[in-house]
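These are my notebook entries on a single model.

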Amino acid sequence: MLLGAYFRLIRAGYVLAREGALSIPGELPPALAPLRFGIWLGRLIERPSVRRTGHVERLNKALNLLGPTYVKFGQTLATRPDVVGAQIANDLSGLQDKMEPFDAALVPAILVAALDGKAAELTELSPPIAAASIAQVHRARLRPANGMAKTVAVKILRPGVEARFMADIESFYAAARLAEGMVRSTRRLRPTEVVETLDRSARLELDLRLEAAAISEMAENIKDDTGFVIPTVSWDHVAQNVLTTSWVDGIPIRDHAALDAAGVDRKALATKLLQSFLKHAIRDGFFHADMHPGNLFADPRTGDVIAVDFGIMGRINRKERRFLADILYGFITRNYRLVAERHFDIGYVPKDQSVDDFALAIRSIGEPLHGRTASDISMARVLGQLFAITDLFSMQTRPELVLLQKSMVLVEGVARALDPQLDIWTVAEPVVGDWLRKEAGPIGRIEALTEQLKVFAEAAQRLPVIAAQAELALADYHAGKLRPRSDRLMRWAMLGVLGLAGLVLLAVLWRLTLAPL
């Protein structure tokens, strides 16, 4: 299996190099500088048309050929013309929902196998209206035995996609191990742990029952919100490889001409998109992690954002939500010391580095961004500078934040395409500021205290178990007719264990009552 993974990796490298992936503009980050020679060699096998014109016209097909995980990477690049160039981004946009569908003749049998008798309630099935790397979507009429007929969307996994996904992931593990073994400077980026995060995400995406649950959870989170709409689930017509939801009508968010013709305010739409994402991430800790343009629509009547495809979701805990909010607020208010301190607090930057020096480095990134619109900012240059800083300060990758970071890149790319004059900081401030003010107020402190009380309760519940285990051990010593000295030692050991547990509980209690929340 390992040999097969390396073979697939070599093949992927050859195909991508042949189709011009190594010619995508952008300065190589210092951490990856040792790869320059390999990139130079790879460019020797580029198609003559790529070398002559610089146009990577076949990269779309190459990623499609290589498999679904490579397509996911291409979908992200398609939202960043400011990083890869407008022509390449345009070529890659077809990966979002315009891929070759699988044979529609297979669909009826798939539905019967997955839904049994409930499959007969799905009628008037259309040809595929959208096809992506994992699944394709059909329009249908749902005619339940007890209920009104309605139009629904039926999402069906591609046959055999699980095996392809797992093969791709195995080759990614092989690439990560190679990178860690051959290029020491990449170890701080923790590529293997990053792949593990992507692996878990992929496995969840391949079970549409979990996507249905994600839609349900998000619906509860946003029930009082405005500006962001999601479909509802028909639970009787859900299986591991089939998901049925309400049909949503909207204009594809990437079709700017259609949005303008319908009178949709693109500036307002960009604001709703960015603020909704920040609410979901910071307020709820649960967010749509695949918000490329193929999954986003606009309601021409209300101007609301409509999101579909909840196969990839991100989740961050309270500490990580506070980290994100503080980082954004630090940039908004130009408090670079706060940004630096939070990076140290969460473990991004090693403790042996200087907070003051890191704050200065952050200032060098933040100051040029203030007062600039999205069209004035080169994200390629910003990302290059960020890579340089991560290398300079030996910053460690946090795998649990990988999905959040990737999603922020996606959302910001889509928002800036809708509104090139977007001021990211002005749009973000109401969401970030309100949440931080709530956190610092009584409600936020009570919520934090509640979470910490749970930790205290769990620790307290373990005390009887620790005591019982110590007593059993002491009884075993007695049964063995130990010498009095050994018996005394065991008693002291038991007291030590209980004392240590008590100190832990006291520390937790102190944290609850004295330390700032």
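**Entry 1. Salt bridges**

I began with Glu170, which forms a salt bridge with Arg177, the closest N and O atoms being 3.7 Å apart. I took a salt bridge to be a side-chain nitrogen of Lys or Arg within 4 Å of a carboxyl oxygen of Asp or Glu. Arg177 is partly exposed, at a relative accessible area of 34%; here buried means under 20% relative accessible area, exposed over 50%, and partly exposed in between, with a 1.4 Å probe and protein chains only.

I note that this is a predicted model, in which local features need pLDDT of at least 70 and side-chain atom pairs count only at pLDDT 80 or more, while totals for chains, interfaces and linings use all residues. Residues are numbered from 1 along each chain as its sequence is written, and side-chain values use heavy atoms, with hydrogens and water left out.

I then looked up Arg315 and Glu217, whose side chains form a salt bridge at 2.9 Å, N to O. Arg315 belongs to strand 11 (residues 313-315) and Glu217 to helix 11 (residues 208-221), so the pair ties together parts that are 98 residues apart in sequence. Helices (H or I, at least four residues) and strands (E, at least two) are DSSP runs, numbered from the N terminus. Arg315 is exposed at 53% relative accessibility, whereas Glu217 is partly exposed at 27%.

Asp284 and Arg283 also meet in a salt bridge, 2.8 Å from N to O. Asp284 is partly exposed at 21%, and Arg283 is partly exposed at 29%. I recorded 23 salt bridges in the structure.

**Entry 2. A salt-bridge network**

Salt bridges link Arg322, Asp326, Arg342 and Asp345 in a network. I followed Asp326, which sits in helix 14 (residues 318-333) and is buried at 3% relative accessibility. Leaving aside residues up to four places away in sequence, Asp326 touches Leu338, Arg342 and Leu436; contact means heavy atoms within 4.5 Å.

**Entry 3**

Strand 9 (residues 296-298) and strand 10 (residues 305-307) are antiparallel over 3 bridges, and Leu296 is opposite Ala307 in strand 10.

Buried residues in helix 10 include Val194, Val195 and Ala202.

**Entry 3. Aromatic pairs**

I found 6 aromatic pairs. Rings of Phe, Tyr and Trp (its six-membered ring) pair if their centres lie within 6.5 Å; planes under 30 degrees apart count as stacked, over 60 as edge-to-face and the rest as tilted. Phe277 and Phe287 are edge-to-face, 5.6 Å centre to centre with 75 degrees between the planes. Phe277 is in helix 13 and Phe287 in strand 8 (residues 286-288), 10 residues apart. Phe277 is buried at 1% relative accessibility, and Phe287 is buried at 1%.

Phe323 and Tyr348 form a tilted pair, 5.6 Å centre to centre and 45 degrees between the planes.

Terms used
Two strands pair if DSSP finds at least two bridges between them.
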